[in-house]
Each structure stands twice: as structure tokens, then as C-alpha cells.
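This briefing is meant for a reader who is meeting the structure for the first time. Please look over the sequence and the model before turning to the notes below.

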Amino acid sequence: MHAQAPALRDPRLNRPEPFTPPLGDGGFFQRDRSMHPPAHAPGYKSSVLRSPRQALLSLETSVSEITGPVFGHNDLGPLDNDLIRNYAKDGDPVGERIIVHGRVLDETGRGVPDTLVEFWQANAGGRYRHKKDTYLAPIDPNFGGCGRALTDDTGYYYFRTVKPGPYPWRNYVNSWRPAHIHFSVFGSGFAQRLITQMYFEGDPLIPVCPILTTIPDKDALERLVAPLDLNASTPFDSLAYRFDIVLRGRRSTYFENRTAGN
Amino acid sequence: MPQPLNYLKETASQTAGPYVHIGLIPAMAGFDIFEKNFSNVLVTPNTQGERITLEGKVIDGSGTPLRDVLLEIWQANAAGRYNHPADRSTGPLDEEFRGWGRAGSDFESGLVTFETIKPGAIIDKTGRKGAPHINVWIVARGINIGLNTRLYFSDEEAANAADPVLSLIEQPMRRSTLIAKRSERAGKIVYAFTINLQGPEETVFFDV
């Protein structure tokens with residue numbers, strides 16, 4: 001009996017391995033934090049005591065970050081994307097009827113399909129249906145102010161609502177929020193998780209908002225402003241605004257595939 | 001000039017604000033609107049694994065608990081597998097466990113709780129075993145971009161000592177900011193955690 005001859009080459013070199021495209025559904029592009037507000041932004045006073053002071057620890061994205069919760073139509077109800085009807089008690093809510101629509105994309109320009117988008121807002125008078133909001137503008141009995149949608153296979157979403165009003169808040173003594181809608185987006189991996197706010201084209205409060213102006217990059221700020229989209233408006237019914245949301249792009253899974261069997 | 005690359009730029013984050021509950025946990029805002037709601041209970045009666053309660057607070061730079069914070073957790077199942085197609089490990093999926101939940105802090109005490117299971121050890125992409133952990137994402141008024149951190153388990157000392165992410169933390173004292181402490185209370189397993197946003201015991205946050 002002979003002992004097996006030692007291999008001359010590393011056997012792994014003979015194993016055919018797919019060479020896959022460099023972009024895919026693996027690790028994320030490094031987040032460009034110059035496009036985001038810094039944690040500590042003293043003009044937005046609440047950030048002072050709530051901002052970490054140590055450097056963030058950079059992690060190579062692992063399986064814990066490239067995965068994330070999966071949602072489906074079973075999680076939603078039929079009126080979830082209709083804020084004009086989803087809390088209506090005895091009529092429609094007061095305010096300008098609007099449609100908001102757009103796509104959730106990643107940084108490579110691909111649509112993010114089947115991802116959950118949640119949104120919430122004040123009513124037309126600038127009052128939130130929230131037990132901690134005490135602004136003097138009245139609650140609208142027919143308006144809840146929240147909804148959600150699942151993007152389709154191209155990343156497209158849409159919903160119907162009334163345009164929110166601006167409102168005062170305690171930062172400086174005369175600080176007002178521009179009209180805005182809050183958005184929460186998941187993406188396909190937990191490291192894409194994002195909360196942001198959509199603003200409306202032409203709102204004069206935008207350049208003086210202490211929260212919006214925490215964003216250091218002018219172009220990044222302008223990308224939060226939704227233009228009027230007359231083509232998507234419904235004649236004699238609703239104006240439309242277009243708001244695309246971009247989540248982080250992804251490299252290929254090649255590296256993960258290669259080592260999965262180790 | 002070379003061709004332009006034309007990558008899009010990630011949309012800028014904005015604070016979730018004080019009224020985040022309206023959109024994400026409307027019952028806490030004080031009203032009922034959706035047929036189905038997301039919650040801080042990740043388990044069904046049929047979920048596999050050891051039942052645990054996560055219980056903790058997020059503390060600001062003055063030592064005060066945040067009472068308007070929202071946490072989301074994302075975790076593997078009892079076999080260490082995430083319920084997502086990008087997890088190519090071979091452990092069994094548990095159809096009774098999505099692995100995700102969200103919770104708002106109590107408006108008085110700031111306490112945040114989750115009812116879940118203890119996850120199994122994670123096989124990372126290099127085939128190494130990572131210590132069991134739960135991924136945490138934190139948003140609130142005054143937090144301009146969601147904070148990412150992790151919770152590890154105090155009864156996993158050996159696994160924690162070998163964990164590739166904990167090992168990246170240079171100062172041993174700071175590693176302990178990510179360890180939730182196990183105890184038993186009225187027959188329930190409770191893991192207690194504190195997330196400090198600032199100060200000498202500032203929690204380790206990740207740029208993932």
C-alpha cells in the first residue's frame with residue numbers, strides 16, 4: 001500500500017469557481033457620511049446630549065448586516081397607503097390632496113424591490129395625532145397621519161395623503177419646521193436601514209430649518225426636496241410630488257460564496 | 001475626461017423626531033389605525049429556542065434615560081441562521097421566527113423591552129463562528145442618523161472572547177458596553193442592557 005502522493009498543487013486551484021460581477025447583493029459600499037448630518041450638530045439642540053463622542057468602529061459588513069427583515073403583503077392592510085381613507089371617520093381629512101410617489105433605488109441605480117416603506121406626518125394644520133403633541137392647531141378627526149407601502153419589483157411605491165402643514169417647535173424661540181413627511185425604509189440588508197424626511201419644492205422654511213440644515217452637503221439637502229410632478233397629478237383631484245430614495249449600493253456575494261464551504 | 005461613474009448618492013438621514021411612534025408604533029402615539037402592527041414580541045408559541053426578555057435603557061449625556069427613543073433589533077434564530085436569503089449558512093430556518101422587532105421606550109421610565117429568543121452562534125463569511133448577538137438600531141429626536149450597535153450575552157464568555165467583532169474593540173473596558181447581563185426573575189430569563197450615548201461608559205457604536 002502506498003500513501004497517497006502529496007498533491008503538487010493546492011487542490012482548490014483546480015476547483016472551478018464562478019467569477020461573478022463585482023456588484024451584487026453582498027457587502028455594502030462604505031457609507032459616505034459627508035452626505036449625512038453629523039451626530040453632533042449644535043444648531044439642532046437636541047443632538048447635543050444625544051450624540052456619541054467616540055469614533056464609530058468600522059465593521060466590514062458581515063452576515064449580520066447584509067441580511068435584514070423580509071416583509072410581504074401579508075404585513076399590510078388594503079388601506080395602508082391611503083392616508084385620506086385609512087382613518088376617515090365621517091368624511092375626508094381637511095387639506096390639499098396630494099399623491100407622493102417614487103422609487104427606492106440603491107447607489108448603483110437598481111430598484112429595491114419588495115421593501116417596506118413607512119411614512120408619517122402632521123395634518124394640514126401642522127398638528128400630529130400624538131399624545132405628546134400639544135400644538136394649538138386642532139387634531140383632524142378624519143386623519144391619522146401614517147401609512148406604509150411595499151415597493152413593487154422595480155422599487156416603485158406610492159401613497160395618497162393631504163399636504164402637511166408647518167409647525168413651531170422648541171429649538172430657538174421662533175423655530176418652525178417646513179412641511180415634511182417622515183420616511184422609514186428598510187432595503188434588503190439591515191445596514192441599509194434609513195429614516196429621513198421629505199420636503200416640498202418651494203417651501204420658504206427649508207433654508208432656515210435647524211434640522212434640515214444639519215446636512216453639510218447642499219446637493220444632499222436638495223435631494224430631500226420633492227418636486228411637484230404635474231404629469232402624475234390627477235386632474236380635478238390631487239397634485240403629485242415625486243420622491244426617490246437611494247439606499248446604499250452593494251458589492252457582489254462572490255467572496256461570501258467562495259468561503260461558504262470552508 | 002474619463003467617463004463619469006454615475007453612482008447615485010445615498011439619501012441623507014434625518015432625525016426620526018419625537019413623534020416617530022405615529023408611523024412605526026401608532027398604538028404608543030395613542031391611536032389604532034392598522035389591521036396588523038409590528039411589535040416588540042418576536043416569538044410565537046411555536047418559535048424554537050430559549051425565551052428571553054431583553055430589558056434596558058438608552059441614556060443621554062446628562063445621565064437621563066431617553067423616553068422617546070425607538071429601538072429595532074435584528075437577530076438570527078436559535079440555530080444561528082438569519083431569516084433572509086443572503087444567509088447561506090446551513091442551519092435550519094425557523095418559519096415561526098422573522099428575527100426582527102421594534103420597541104419604543106416607556107414615556108415615563110425610558111425602559112425598552114423585547115420578548116425574543118437567544119440566537120445561536122453565527123457563522124461568518126470566513127467560516128468562523130461569531131458569538132451569539134443581537135443587532136440593534138437606535139433612532140430618536142436628536143439622533144441625526146440611526147445608531148448601530150450589538151448586544152452580546154454575559155453567559156457566553158468563551159464565545160465572546162473569540163468573537164471577531166468584539167476583538168476589534170481596542171479597549172477591553174469598552175467591550176463590556178456591549179454585554180447584556182443575564183439574570184432570572186420570576187422564572188423568566190432577563191438580559192439587562194444599558195446603552196450610553198456619551199460619557200466614560202459610552203457604548204460602542206458601529207459604522208457598518
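The notes that follow take up confidence, the interface between the chains, the salt bridges and the strand pairing.

The structure is a predicted model, and the predictor assigns the complex an ipTM of 0.96 together with a pTM of 0.94. Chain B and chain A bury about 7800 Å² between them, and strand pairing is found between the chains, where strand S2 (residues 57-58) of chain A runs parallel to S11(B).

**Confidence**

- For chain A the average pLDDT is 91, with 89% of the residues scoring at least 70.
- Residues 254-262 of chain A have a pLDDT below 50, although this stretch has 12 contacts in the model beyond near neighbours in sequence.
- Where pLDDT is low, predicted coordinates should not be read in detail.
- For chain B the mean pLDDT is 96, and 99% of the residues reach 70 or more.

**The interface between chain B and chain A**

- On the side of chain B 73 residues take part in contacts, and they meet 96 residues of chain A.
- Of the area of about 7800 Å² that is buried between the two chains, 58% comes from carbon and sulfur atoms.
- Between chain B and chain A, 43 residue pairs are in polar contact, counting pairs in which both residues are at pLDDT 80 or more.
- Several elements of chain B give two or more residues to the side that touches chain A, among them helix H1 (20-24), helix H2 (26-29), strand S7 (133-139) and strand S8 (147-153).
- H1(B) supplies the largest share of that side, namely five residues.
- Sorted by residue type, the side of chain B that touches chain A holds 38 nonpolar, 17 polar and 18 charged residues.

**Salt bridges**

- Over all chains the count comes to 24 salt bridges, and eight salt bridges are found across the interface of chain B and chain A.
- One salt bridge joins Arg50(A) to Asp68(B), with the closest N and O atoms 2.9 Å apart.
- In this pair, which crosses between chains, Arg50(A) lies in the loop between strand S1 (23-28) and S2 of chain A, while Asp68(B) lies in the loop between strand S1 (51-59) and S2 of chain B.
- Another salt bridge is formed by Arg102(B) and Glu118(A), whose closest N and O atoms are 2.8 Å apart.

**Strands and sheets**

- The parallel pairing of S2 of chain A with S11(B) extends over two bridges, and Ser58(A) stands opposite Asp207(B) in S11(B).
- Within chain A, five strands make up an open sheet of mixed pairing, in the order S5-S4-S9-S10-S11.
- Strand S5 (146-150) and strand S11 (225-226) of chain A are the edge strands of this sheet, each pairing on one side only.
- Strand S10 (residues 194-200) of chain A runs parallel to S11(A) and is joined to it by two bridges, and the bridge partner of Phe200(A) in S11(A) is Ala226(A).

Definitions and conventions: Residues are numbered from 1 along each chain as its sequence is written. Chains are lettered from A and ligands numbered from 1 in the order in which they are written. This is a predicted model: local features need pLDDT of at least 70, side-chain atom pairs count only at pLDDT 80 or more; totals for chains, interfaces and linings use all residues. Side-chain values use heavy atoms; hydrogens and water are left out. Contact means heavy atoms within 4.5 Å. Buried area is the accessible area (1.4 Å probe) that two parts lose on being put together, summed over both. A salt bridge is a side-chain nitrogen of Lys or Arg within 4 Å of a carboxyl oxygen of Asp or Glu. A polar contact is a pair of N or O atoms within 3.5 Å; within protein, one must be able to donate a hydrogen and the other to accept it, and residues adjacent in sequence count only if both atoms are side-chain atoms. Helices (H or I, at least four residues) and strands (E, at least two) are DSSP runs, numbered from the N terminus. Ala, Val, Leu, Ile, Met, Phe, Trp, Tyr, Cys and Pro count as nonpolar, Asp, Glu, Lys and Arg as charged, and the others, Gly among them, as polar. Two strands pair if DSSP finds at least two bridges between them. pLDDT is the predictor's confidence in each residue, from 0 to 100.
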